[in-house]
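Good morning, everyone, and thank you for making the time. Please have the sequence and the structure open while I talk.

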Amino acid sequence: MRTALQQFGAAFKAETIKSKGTAAYWLTYIGPFFILLIFLLGFYFKGHHLLPPKVDPWLPFIAKIWDAAAMVFLPMYLILLASQLLNLEHKNATWRLAYTLPYSKHIIFWSKMAMLFTLNLSAHLLTMLLTIAAGMLLAFIKPDLGFTLSAIPWQHCAALTAKVLVCSFGILSVYYFVCFEIKNQVKSMGIGISLFIVVTIVAGWKYAFLIPTYYPMVSGMSYYKIVAAHEPLFAAKELITVGGYFVLFSLAAWYRACTKRMAV
Amino acid sequence: MQPIVELNNVSFAYPNGVKVLNRFSLRIPQGSIYGFLGPNGSGKSTTIRVVMGLLKAQEGIVTVFGDSHSTSRIAILSRIGSLIDTPNFYEHLTAYRNLEIVRLAHDLPQQTIAEALQLVGLSATAKLKVSEFSLGMKQRLALAMALLPKPELLVLDEPSNGLDPNGIIEIRELLIRINQQLGTTIFVSSHLLSEVEKLCTHLSIINQGQAVFEGPIEQLTERIATQKRVWFTVGSTEGLSSVLDRPLEIRQNGSIKVGFEYTTDREIARCNHQLVTQGVEVFGIHKEHQTLEEMYVKLLEDNK
């Protein structure tokens with residue numbers, strides 16, 4: 001009998017195979033190229049208007065890209081990622097296959113969850129690497145923007161990636177639960193898009209932070225302010241809200257994965 | 001010998017209250033090809049799901065390889081290959097990749113995939129996406145996925161669905177071969193009575209969640225052999241019951257037909273002689289043998 005870790009390794013490998021060729025996979029590995037291409041063109045043609053004059057351009061450059069990426073692209077990406085990965089099983093009615101293979105139900109749940117977070121992590125890392133690459137390219141093709149005058153701020157890059165990534169954990173767990181429970185992809189995506197729209201409407205409301213899409217959407221924007229004000233990377237309220245959603249919905253989905261009649 | 005699968009007085013009802021299995025019992029002997037027959041909605045698929053641990057029986061005992069799913073789920077599933085209901089695949093992947101997913105779960109060597117594909121005649125299409133497969137090819141692939149771990153128990157729900165007559169014969173021969181060569185126990189549900197008759201060593205017939213028949217297939221064929229019927233076309237029914245001292249069935253549809261069960265041809269000759277001697281005109285004699293299909297229908301009717 002294989003250990004739980006060996007089972008997890010095999011199930012995770014199977015999840016990797018399943019995810020290949022899905023829209024979630026392409027969005028993760030092609031999406032960042034598309035986003036960065038848009039920004040690269042924007043900074044190439046309008047860089048002097050977009051960047052503050054006579055200042056190290058790296059941090060404003062990175063913060064501007066991630067502000068827009070977190071506000072617009074990230075919510076849509078997370079909705080599509082969760083709905084694609086879970087709908088793969090609903091659409092093909094392959095839960096029945098998954099539940100008749102010799103894996104524990106916990107392994108079935110956690111391997112899929114791990115795949116979801118791995119793709120999310122990959123998208124974040126790739127976006128940051130491409131952001132840096134775009135800055136380096138601008139240094140070469142548009143030297144007057146000043147990218148050659150200072151070093152790449154690796155620490156800020158790592159911190160900003162970590163902030164946006166961690167802020168996405170709560171909503172990703174919510175989407176996982178929703179897409180796990182709802183077979184209809186249109187319905188599950190509808191719920192995700194509604195949460196996204198609600199935040200854009202009530203962003204100024206004092207309790208808007210309780211909406212699970214709030215923190216991931218403002219995470220890119222808030223980083224620049226945090227650096228300017230010398231505040232810690234994560235506020236307590238932010239960690240409690242994001243962590244609360246993450247724990248609550250992960251546990252709920254885990255419980256349902258072990259008890260729901262998935263394969264009937 | 002302990003049966004591979006044993007269901008003892010199992011009951012199951014869905015949340016809407018519909019009771020699908022009602023104190024249903026079944027024993028699948030090791031090494032058998034066990035056919036499972038029943039009309040639509042009789043509880044066949046539910047029984048298969050209970051055996052596979054996808055559904056939990058509310059009453060009764062379910063053991064597979066002598067263990068229960070609640071205590072030995074992974075150990076049980078690692079010894080079973082299954083094809084439940086319609087075959088389910090990751091359609092965006094190739095046949096090879098679908099088999100790879102099963103291979104990883106069972107921790108098997110890589111070459112088992114090529115062997116399984118060859119076994120079902122899909123080697124040439126291994127790199128094709130499943131979405132491009134015909135129904136028959138999908139059925140073969142599903143069978144390859146079930147056979148991949150060389151299981152001790154093969155659970156197949158309608159494996160001949162979507163196959164042409166040649167395909168049906170090939171699959172039948174394949175199942176018989178793996179049963180004889182590898183000793184694999186096969187639990188197969190089917191609507192094709194003739195297939196069941198040719199393939200299976202044992203049979204269970206289920207109707208409205210209850211067992212109607214269970215046993216070696218010879219037991220049923222013996223019953224068929226003993227329940228033979230003969231029809232006499234006669235001129236009138238007058239005095240028939242005094243001449244033929246046995247339960248009679250009379251049909252008057254243009255001509256008058258008198259039917260009764262018999263065991264030997266000599267018995268028919270004797271009855272004919274008695275009728276003619278007593279002045280009853282006999283216009284014709286017709287022997288009727290019950291087929292498996294008729295026996296199946298009769299068993300279901302008796303159970304209503």
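Predicted model: local features only at pLDDT ≥ 70, side-chain atom pairs only at ≥ 80, totals over all residues.

For chain A, the mean positions of its 21 positive and 8 negative charges are 11 Å apart.

Residues are numbered from 1 along each chain as its sequence is written, chains are lettered from A and ligands numbered from 1 in the order in which they are written, and side-chain values use heavy atoms, with hydrogens and water left out.

Now the overall architecture. Chain A has 9 helices and 0 strands, whereas chain B has 11 helices and 13 strands; helices here are DSSP runs of H or I with at least four residues, strands are runs of E with at least two, and both are numbered from the N terminus.

What radius of gyration would a compact globule of 304 residues have, and what does chain B have? The globule would be near 19 Å, but chain B has 25 Å, where the radius is taken over C-alpha atoms and the rule is 2.2 Å times the number of residues to the power 0.38. For chain A the corresponding value for 264 residues would be near 18 Å, and the 20 Å of the chain agrees with that. Along the principal axes, the C-alpha trace of chain B spans about 80 × 45 × 40 Å, and the C-alpha atoms of chain A fill a box of roughly 65 × 40 × 35 Å.

Buried residues, meaning those under 20% relative accessible area with a 1.4 Å probe and protein chains only, as against exposed at over 50% and partly exposed in between, make up 52% of the 264 residues in chain A and 52% of the 304 residues in chain B. The accessible surface, from the Shrake-Rupley method with a 1.4 Å probe, comes to about 12,200 Å² for chain A, with 73% of it belonging to carbon and sulfur atoms; for chain B it is about 14,300 Å², with 47% belonging to those atoms.

If we take contacts, that is, heavy atoms within 4.5 Å, between residues at least 6 apart in sequence, then 83% of those in chain A join residues at least 24 apart, and in chain B the figure is 67%.

G170(A) sits in helix α6, residues 154-181, and because its relative accessible area is 2%, it counts as buried. Setting aside residues up to four places away in sequence, G170(A) touches V242(A), Y245(A) and F246(A).

T241(A) belongs to helix α9, residues 236-259, and is likewise buried, at 11%. Which backbone oxygen lies 2.6 Å from a polar atom of the T241(A) side chain? That oxygen belongs to K237(A); a polar contact, for reference, is a pair of N or O atoms within 3.5 Å, where within protein one must be able to donate a hydrogen and the other to accept it, and residues adjacent in sequence count only if both atoms are side-chain atoms.

In chain B, N179(B) lies in helix α6, residues 165-182, and is buried, with a relative accessible area of 11%. A polar atom of its side chain lies 2.8 Å from the backbone oxygen of T184(B), and N179(B) and S32(B), 147 residues apart in sequence, are 7.6 Å apart in space, C-alpha to C-alpha.

Finally, two residues other than glycine with positive phi. H230(A), with phi near 55 degrees, is in the loop between α8 (214-229) and α9 of chain A, and is exposed because its relative accessible area is 72%. R23(B), with phi near 50 degrees, is in strand β2, residues 19-28, and counts as exposed at 51% relative accessibility.

Definitions and conventions. Lys, Arg positive; Asp, Glu negative; His and termini not counted. Charge placed at Lys NZ, Arg CZ, Asp CG, Glu CD.
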